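Have a look at the model before you read on.

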Amino acid sequence: MKFCSDFQTVRGILLSFAVAGTLLAQAPPQSPAGQSGMGGGSSTAGNHAAIHDSEHRPITAGGFVASGPKVFEDVSQKSGLASWKHVMGTPEKKFIIEMAGSGVGLLDYDNDGWLDIYLVNGLTYEQYDGKEAPAHAALFHNNHDGTFTNVTEKAGVANDRWGAGVAIGDYDNDGWPDIFVTNYGKNRLYRNNHDGTFTDVGEKAGIQLGNWSTGPTFGDYDGDGKLDVFVPGYIHYDIAHPPAPGTATVAYSFCNFRGVSVMCGPRGLEGEHDHLFHNNGDGTFTDVSEKAGVSDPNKYYGFTGIFADVNNDGKVDLAVTDDSTPNYLYINKGDGTFEDDSYASGFALNQDGRETASMGLAVGDYENTGRLDFMVTTFSDDYKVLYHNDGDANFTDVSNHSGMGQDTIPFLGWGVGFLDFDNDGWKDIMMINGHVYPEVDKQDWGTSFAQRPLLYHNAQGKKFDLMPPVAGTGLADVLEGRGAAFGDLFNDGKIDVVINVLDHSPVLLRNVSPDKHHWLELKLVGGPKSPKDAVGATVYLTANNVKQRGDVISGGSFMSSNDQRVHFGIGDATTSSAEIHWPSGAVEKVAIPSVDRILTIEEGKGITGELCATCKK
């Protein structure tokens, strides 16, 4: 594969400056003591040298090549998604509530076999105060022909609150996906009515909360067959008295970046507790955060949570990314409580022993060892962190060893996913980027407010190779990216990406990779002792003597929720077998008779359905 010299030159420059920068002094998140003269409300690795391309553009918005592999095509306009727009505060982004953006949820809300799209929206200040009609979230129905129709009003899922995150899960086990939306303000739980409409039951369910909730995740932590929900908290924010530099709310030192005045926080601001809600099975939930040991007494700045089994004991554990504070990893003890293993596991900090401004979180087995690894997106002037699972929930930061540490430093990352974009049987990594400070466009720092995505190809678990941003393709899109969800929108076996773009219309990147590899997708349906949507299930698929792992996950990326059908690329293999570990504890082996199919597998019943959109009629 040949890339142009511009791309190679940029990589060389990035490598040469890999170790440039001074570590920020570590300080408690709500105390200015110990901060360096640089100041700054976000944890970074220090000031790195500016990186430009041959046209002197910041590398985050440049470095394009004229030719190379075309992986993604931007089909936002032709899909119909561009008719909707995200809004969040003012373009100046004077306050932190305006910067985080919102998530994306992928779900088949009408059970027709095709993924639909839910896009969370924010508000302007005028809308929040009731002076203008509020902006709406959007539910787009998949028309099966590459286009989508906005059905928000009919469906009743407009939200009309300052929206943040979304998780998809069938909390009432009726076979229809429900939507949980977090907000600044009260959260919503949209129960699926089975007729194309939803009812907000958040108040009755008891999970509204009331300040700033972020990236939720559904999971059956106690093994009773019902989905519980974890809700991270970010900042305890008073919109009527926003944090301004030099006020009693926050010190000046937390309101600058590289010596330039910017919005304040998160450091220097009061954080929010996290919440775990137990599903009572009668439409209500009980807050068990403190009892379970996951309430976040430190009030770290939580962004994205994921329930997943990281130590392979059949019980879902809980990982949480925290902005500019240590990350959490809670190990499920099996008695309704969790052990805080954050530091002992190696997940709390990076290899420098430093907390990062962690935004997005992806889980996936990139080495095909049967163990889940973590990918975490972080702030600019810092590398993005790949945590290798060494076994027994012990993690090692292998970012630089993997080949992706240096390239990521100028970028500010949000949505992230493990996806096998070319179906070769090895999970690749994609990151969605965009800065929080519009002021960076006025400085010569080698970074930009809007940024292009990053895609890394997995070289059979040994390292990751950065795919070139070919001009005119989706990898050359320069976006204020935030939440992103990954899934097969066209039922063609290729993983596509939906991106919620700050103050802009969403972007749909269709996977048009020219590979001819085979694939399988498994839609799992749980039995009486498992959640109906099988969230928490683990699948081991063997093909070509390679054993891959896939998990049914709710939440993740950045405040988003991906396709819950488990996707496997299997290269040139034409036969395979699956071993499914159901949430109930049952283990089932299933022979897979075909390829290039979406198969429905019900617990205890084997294959009960098949969808093949690309097969000849």
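How many Å² does the accessible surface of the protein come to, and what share of it belongs to carbon and sulfur atoms? The accessible surface is about 20,600 Å², and 50% of it belongs to carbon and sulfur atoms; such areas come from the Shrake-Rupley method with a 1.4 Å probe, and for residues only the protein chains shown count as cover. Please keep in mind that this is a predicted model, in which local features need pLDDT of at least 70 and side-chain atom pairs count only at pLDDT 80 or more, while totals for chains, interfaces and linings use all residues. Residues are numbered from 1 along each chain as its sequence is written, and side-chain values use heavy atoms, with hydrogens and water left out.

Now for the overall build. The protein has eight helices and 38 strands, where helices (H or I, at least four residues) and strands (E, at least two) are DSSP runs numbered from the N terminus. Its radius of gyration is 22 Å, close to the 25 Å that the globule rule gives for 617 residues, so the protein is as compact as a globular protein of that length. That radius is taken over C-alpha atoms, and the rule is 2.2 Å times the number of residues to the power 0.38. Along the principal axes, the C-alpha atoms fill a box of roughly 65 × 60 × 45 Å. Of the 617 residues, 65% count as buried (under 20% relative accessible area; exposed is over 50% and partly exposed in between, with a 1.4 Å probe and protein chains only). Among contacts (heavy atoms within 4.5 Å) with a separation of 6 or more, 63% join residues 24 or more positions apart.

On a 1 Å grid over the protein atoms alone, a cavity is a set of points where a 1.4 Å probe fits but cannot get out, whereas a pocket is an open set with protein on both sides within 12 Å along at least five of seven lines; lining residues have an atom within 4 Å of a point. Grid points are joined across faces, edges and corners, and a volume is the space filled by probe spheres set on the points.

The largest pocket holds about 530 Å³ of space. Of its 28 lining residues, D108, N111, K523, L524 and R565 lie nearest the centre. Strands β2, β31, β37 and β38 each give two or more residues to this lining.

Finally, zoom in on two residues. P243 sits in the loop between β11 and β12 and counts as buried at 4% relative accessibility. Its contacts, leaving out residues up to four places away in sequence, include F95, Y237 and C264. P243 and C264 are 21 residues apart in sequence, yet their C-alpha atoms are 6.4 Å apart.

I432 belongs to strand β25 and is buried, with a relative accessible area of 0%. Beyond residues up to four places away in sequence, I432 touches W414, G415 and V497, among others.
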